[in-house]
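Subject: Structure handover

Hello,

Here is the structure you are taking over. Please open it first, then read the notes below.

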Amino acid sequence: MSKLTRLPQWQALQAHYDDLSQVQMRDLFAQDDQRFSTFSTQSCGMLLDYSKNRITRQTMELLLSLADAMDIAGQADSMVSGGRINATEDRSVLHTALRKPRGDKLLLDGVNIVDDVHAIADQAAAFTDKIRSGEWRGYTGKPIRSIVNIGIGGSDLGPLMVCEALKPWAQRDLEMHFVSNVDGTHIAETLTRVDAETTLFIIASKTFTTLETLANAHSARNWFLDTGATEKDVARHFVAVSTNAEAVAGFGIDTDNMFRFWDWVGGRYSLWSSIGLAIRLSIGNDNFDAMLSGAHDMDQHFANTEYKNNLPVIMGLLGVWYSNFFNARTCVIAPYDQYLHRFPAYLQQLDMESNGKSVTMEGESVDYATGPVLWGEPGTNGQHAFFQLIHQGTDLIPADFIVPAVSQNPVGAHHKMLLANCIAQTEALMKGKTLEEVQAELTTAGRSPAEVESIAPHKVFSGNRPSNTLVLDELNPKTLGALIALYEHKVFVQGKIWGVNSFDQWGVELGKQLASTVLRELETGDIGEHDNSTSGLLQHCATFNK
């Protein structure tokens with residue numbers, strides 16, 4: 001038994017689960033007309049309703065006691081003050097510093113990194129103004145009209161998600177494109193939609209050695225030169241987000257247009273930094289600053305709010321409750337806003353790369369579940385796809401519903417329909433429909449007794465399926481910043497309870513290492529020693545790529 005599962009708070013939760021596991025939420029609502037007010041809280045421009053969860057007041061008291069036992073507040077303080085909590089890489093974890101207002105102070109190795117953050121932000125802001133105003137010109141004298149962000153992982157998912165989410169604030173005559181996949185189709189199809197004379201490429205790679213990113217970057221550079229541009233023109237159309245000045249200069253980029261960031265910024269937490277240059281270019285500096293402000297507000301809420309009203313703590317604890325006691329291995333993210341259509345994909349990396357670990361900080365194997373599988377699509381599309389599984393499947397799948405109270409596009413009755421669908425789905429998941437209710441419904445509809453007996457079992461919904469509902473006052477730069485930071489801190493809470501390092505990602509490395517070997521073998525035709533499956537695949541593919 002692990003240290004975590006030996007805790008009295010953990011064992012109390014296990015005993016409580018045994019008592020609560022068969023309790024129906026519809027009964028809990030029937031017994032308590034104040035349940036919504038008890039299990040909901042508001043902050044940072046959003047309401048969290050967590051009343052449709054399989055919890056009682058005692059459940060929350062026990063979960064909050066676990067948070068106390070794991071010293072979540074102290075762990076959070078260590079993070080935001082610069083403690084080297086990423087122990088396997090001996091690094092601080094300071095994405096929260098990227099959101100600190102100008103004039104704040106945070107010393108790391110004797111340097112006030114807030115000043116450094118704002119110096120790079122000022123560089124990015126000045127560049128942004130030049131591009132958006134048309135002052136910056138391409139090599140033929142034309143202003144920039146297309147931005148192509150070339151990156152992968154955190155250098156792609158965050159910027160892409162935010163640019164999509166904040167399209168109402170975008171400069172619409174500046175088209176945004178994102179290339180991440182090393183599949184040549186991604187860069188090739190993108191290049192068919194842009195004009196070399198009016199396109200700016202952002203190469204986002206901390207080391208400027210990332211295999212996929214550099215392959216796409218060189219293909220873009222070759223395409224650019226093939227259109228008639230010269231080597232010296234590269235500097236007018238390529239900039240870098242990197243720390244490797246030598247490699248950046250070798251590519252032909254002016255290092256004055258290299259935007260730095262730091263080793264204490266993890267890739268999946270980096271959209272707030274110069275990695276977010278594409279976001280700045282799309283929505284402008286003021287809106288980017290508003291997003292930072294919203295995230296900082298959530299940072300303050302997380303740091304200064306008691307656990308019982310703390311949004312990230314509550315959501316993190318509920319995730320532990322389902323993962324570890326109900327054996328729920330997946331979680332659905334259902335944003336009821338088309339602008340958030342890339343939010344589930346962004347959260348997949350944030351959550352699964354952070355907490356998809358099976359070894360504790362002490363190097364011991366865990367004997368409990370850690371990071372669940374996240375998946376999802378926007379509502380109402382999901383209702384006509386995978387919601388069948390959530391409602392009537394054999395797995396318990398907790399769901400997060402996210403919806404703005406007002407729409408950026410108030411077209412007819414569309415938004416009321418959207419709200420109705422979102423809220424109704426949470427009610428349906430909670431209540432379900434009993435066999436008796438189905439039989440009565442079918443009888444009233446005039447079905448024969450034989451038809452009722454035949455059809456009724458298929459229309460039963462077990463209900464008791466948990467969900468959280470996050471209602472944003474409005475989806476705007478500030479509330480989006482707060483929403484992203486909320487999930488960052490939720491992931492932190494869960495990682496600290498599970499005792500894993502949420503800020504490394506060694507699981508990404510082995511495939512990269514092997515890919516380098518396999519690539520060399522495909523290029524030379526000299527296939528080395530592998531298992532017979534790998535050798536067979538290499539030999540088969542080599543016949544098509546001589």
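How many nonpolar, polar and charged residues are in the lining of the largest cavity? By class, that lining has 10 nonpolar, seven polar and three charged residues. Please keep in mind that this is a predicted model.

The cavity

The count comes to one cavity of 30 Å³ or more. The volume of the largest cavity is about 160 Å³. Its lining is made up of 20 residues. Nearest its centre lie Leu 318, Gly 319, Tyr 322, Cys 331 and Pro 398. Five elements are named as giving two or more residues to this lining: helix H15 (311–325), strand E10 (330–335), E12, E13 and helix H21 (477–498). H15 gives the most, with five residues. As background, rolling a probe the size of a water molecule over the atoms shows where empty space is left.

Strand E13 and its neighbours

E13 is one of the elements in that lining. This strand covers residues 467–472 and is mostly covered, with five of its six residues buried. Two pairings are worth a look. Strand E2 (residues 46–49) is joined to E13 by four bridges, and these two run antiparallel. Here Asp 49 has Thr 469 as its bridge partner in E13. Strand E12 (residues 399–404) is joined to E13 by six bridges, and these two run parallel. In that pairing, Phe 401 stands opposite Thr 469.

The open sheet

Five strands form an open sheet. Their order is E6-E5-E7-E8-E9, and the pairing is parallel. Which strands are at the edges? They are strand E6 (175–179) and strand E9 (258–259), each of which pairs on one side only. Within the sheet, five bridges join strand E5 (residues 146–150) to strand E7 (residues 199–204), which run parallel. Ser 146 stands opposite Thr 199 in E7.

Helix H2

Now to helix H2, residues 8–20. Its 13 residues should span 18 Å at 1.5 Å a residue. The end C-alpha atoms are 18 Å apart, so the two values agree. Which residues of H2 are buried? They are Trp 10, Leu 13, His 16, Tyr 17 and Leu 20. Seen down the axis of H2, these buried residues fall within an arc of 120°, so they line one face of the helix. Pro 8, Asp 18 and Asp 19 are exposed on the other side of H2.

Backbone points to check

Most residues other than glycine have a negative phi, and most peptide bonds are trans. Three places here deserve a look against that background.

- The peptide bond from Gly 379 to Thr 380 is cis, with omega near 10°. Thr 380 is in the loop between strand E11 (373–375) and helix H17 (387–392).
- Asp 90 has a positive phi, near 50°, and is not a glycine. Asp 90 is in the loop between helix H6 (72–80) and strand E3 (107–108).
- Phe 208 also has a positive phi, about 60°, and is not a glycine. Phe 208 is in the loop between E7 and helix H10 (211–226).

Is Phe 208 buried or exposed? Phe 208 has a relative accessible area of 5%. Buried means under 20%, so Phe 208 counts as buried.

Over to you.

Best wishes

Methods. Residues are numbered from 1 along each chain as its sequence is written. This is a predicted model: local features need pLDDT of at least 70, side-chain atom pairs count only at pLDDT 80 or more; totals for chains, interfaces and linings use all residues. Side-chain values use heavy atoms; hydrogens and water are left out. Buried means under 20% relative accessible area, exposed over 50%, partly exposed in between (1.4 Å probe, protein chains only). Two strands pair if DSSP finds at least two bridges between them. On a 1 Å grid over the protein atoms alone, a cavity is a set of points where a 1.4 Å probe fits but cannot get out, and a pocket is an open set with protein on both sides within 12 Å along at least five of seven lines; lining residues have an atom within 4 Å of a point. Grid points are joined across faces, edges and corners, and a volume is the space filled by probe spheres set on the points. Ala, Val, Leu, Ile, Met, Phe, Trp, Tyr, Cys and Pro count as nonpolar, Asp, Glu, Lys and Arg as charged, and the others, Gly among them, as polar. The expected span of a helix is 1.5 Å times one less than its number of residues. The arc is that of the directions from the helix axis to the C-beta atoms.
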